[in-house]
Amino acid sequence: MSFALSVNLNKIALLRNSREGNYPNVVEHAKSCIAFGANGITVHPRPDQRHIRPGDCTELSKLVKPLADVEFNIEGNPFEGAIGSYPGLLQIIEQNLPDQATLVPDQSDQLTSDHGFDLEKTGKTLEPIIKKLKDLNIRVSLFMDPDIKQIDLAKAVGADRIELYTGPFAAAFGQNNWQSIFEQHANAAQHATEIGLGVNAGHDLNLTNMTEYRKLPGLLEVSIGHALTVESLELGLKETMTRYVALCK
């Protein structure tokens, strides 16, 4: 079984933003990742623009759109409106028309995404947003915990895919309980596939724990950024990408 590797560029943008200028260049880095085998590029713009900026989304969209075998994925909180020069996630998505929009329930002040949607609370509000994005021919994925009831609700509100939040699996990997967490993810993935949802996954996956997580049934895509960036410092980007691509194939 093979699945797609989408490279998240947030940490490259964070490094760039620590100095004046455009170094490292996010678009050029994306080109390198694609050349080394990436099947997708992921970005997660936030209102504080601490890493990916709206302009990056535009430039990356221009890069990826002509490429038949590479997808552009924009993720973030769909309830964030315009703040200052930040136009809001939905406007960024509508302006750039990515292949996939991954909707995530994080808040502006969160360091990183750390939980899936509770669709009993937000499902009705998400439903028209999902329909609008699908009407624009954008595939919609919802960031979810491996909870069967919540996954059923994801199907009910119109999502095309779910992205399983893998943070707890990654944190437990190598300890006594990681297999039980993986089994929970496997059951959730199997159920999602059976009810017609595609399965993506992401958060803190790396070259070590991917040796096991790659066995998830029905897995279509992983999104990896932080670990891939850190591992590239030791191994180099080409070698790191080569190892990830081999795991995904």
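Asp56 counts as buried, at 10% relative accessibility. Here buried means under 20% relative accessible area, exposed means over 50%, and partly exposed lies in between, with a 1.4 Å probe and protein chains only. This is a predicted model, in which local features need pLDDT of at least 70, side-chain atom pairs count only at pLDDT 80 or more, and totals for chains, interfaces and linings use all residues. Residues are numbered from 1 along each chain as its sequence is written, and side-chain values use heavy atoms, with hydrogens and water left out.

**Salt bridges**

What does the side chain of Asp56 meet? Its partner is Arg16, in a salt bridge of 2.8 Å, N to O. The term requires a side-chain nitrogen of Lys or Arg within 4 Å of a carboxyl oxygen of Asp or Glu. Asp56 lies in helix α3 (residues 54-64) and Arg16 in helix α1 (residues 10-17), so the pair ties together parts that are 40 residues apart in sequence. Helices (H or I, at least four residues) and strands (E, at least two) are DSSP runs, numbered from the N terminus. Arg16 also counts as buried, at 4% relative accessibility.

The whole structure holds eleven salt bridges.

| Pair | N to O distance |
|---|---|
| Asp56 and Arg16 | 2.8 Å |
| Glu28 and Lys31 | 3.1 Å |
| Lys134 and Asp160 | 3.5 Å |

Glu28 and Lys31 both sit in helix α2 (residues 26-35). They are three residues apart, about one turn of the helix. Glu28 is partly exposed, with a relative accessible area of 42%. Lys31 is partly exposed too, at 39%.

The side chains of Lys134 and Asp160 form another salt bridge. Lys134 lies in helix α5 and Asp160 in the loop between α6 and β6 (161-165), so this pair ties together parts that are 26 residues apart in sequence. Lys134 is partly exposed, with a relative accessible area of 36%. Asp160 is partly exposed at 25%.

**Helices α5 and α6**

Two packed helices are described by the angle between their axes and the distance between the axes. Helix α5 (residues 119-135) packs with helix α6 (residues 148-156) at an angle of about 10 degrees, and their axes are 10 Å apart. That makes α5 roughly parallel to α6. Angles under 35 degrees count as roughly parallel, over 145 as roughly antiparallel, 65 to 115 as roughly perpendicular, and the rest as oblique. Axes are lines fitted to C-alpha atoms, for helices over the stretch in contact, and angles run from 0 to 180 degrees between N-to-C directions.

Which residues meet? From α5 come Leu119, Glu120 and Glu127; from α6 come Lys149, Gln150, Leu153, Ala154 and Ala156. Contact means heavy atoms within 4.5 Å. By class, this contact has four nonpolar, one polar and three charged residues. Ala, Val, Leu, Ile, Met, Phe, Trp, Tyr, Cys and Pro count as nonpolar, Asp, Glu, Lys and Arg as charged, and the others, Gly among them, as polar.

**The nonpolar core**

The largest nonpolar core has 72 residues. Such a core is a set of buried Ala, Val, Leu, Ile, Met, Phe, Trp, Tyr and Cys residues joined through side-chain atoms within 4.5 Å. Leu60, Leu103, Leu142, Met210 and Val222 have the most contacts inside it. Helix α8 (residues 178-194) gives the largest share of this core, seven residues.

Leu142 touches residues that include Leu103, Phe117, Leu119, Ile130, Ala154 and Ile162, not counting residues up to four places away in sequence. Leu89 also touches Leu103. Other contacts of Leu89, with the same exclusion of residues up to four places away, include Pro45, Ile74 and Pro78. Leu89 is found in helix α4 (residues 89-96). It counts as buried, at 0% relative accessibility.

**Backbone exceptions**

Most residues other than glycine have a negative phi, and most peptide bonds are trans. A cis peptide bond joins Tyr23 and Pro24, with omega about 5 degrees. Pro24 is in the loop between α1 and α2.

Gln49 has a positive phi, near 55 degrees. Its place is the loop between β2 (40-43) and α3. Gln49 is buried, with a relative accessible area of 18%. His203 has a positive phi of about 125 degrees, although it is not a glycine. His203 sits in the loop between β7 (198-202) and α9 (210-213). It is buried, at 15% relative accessible area.
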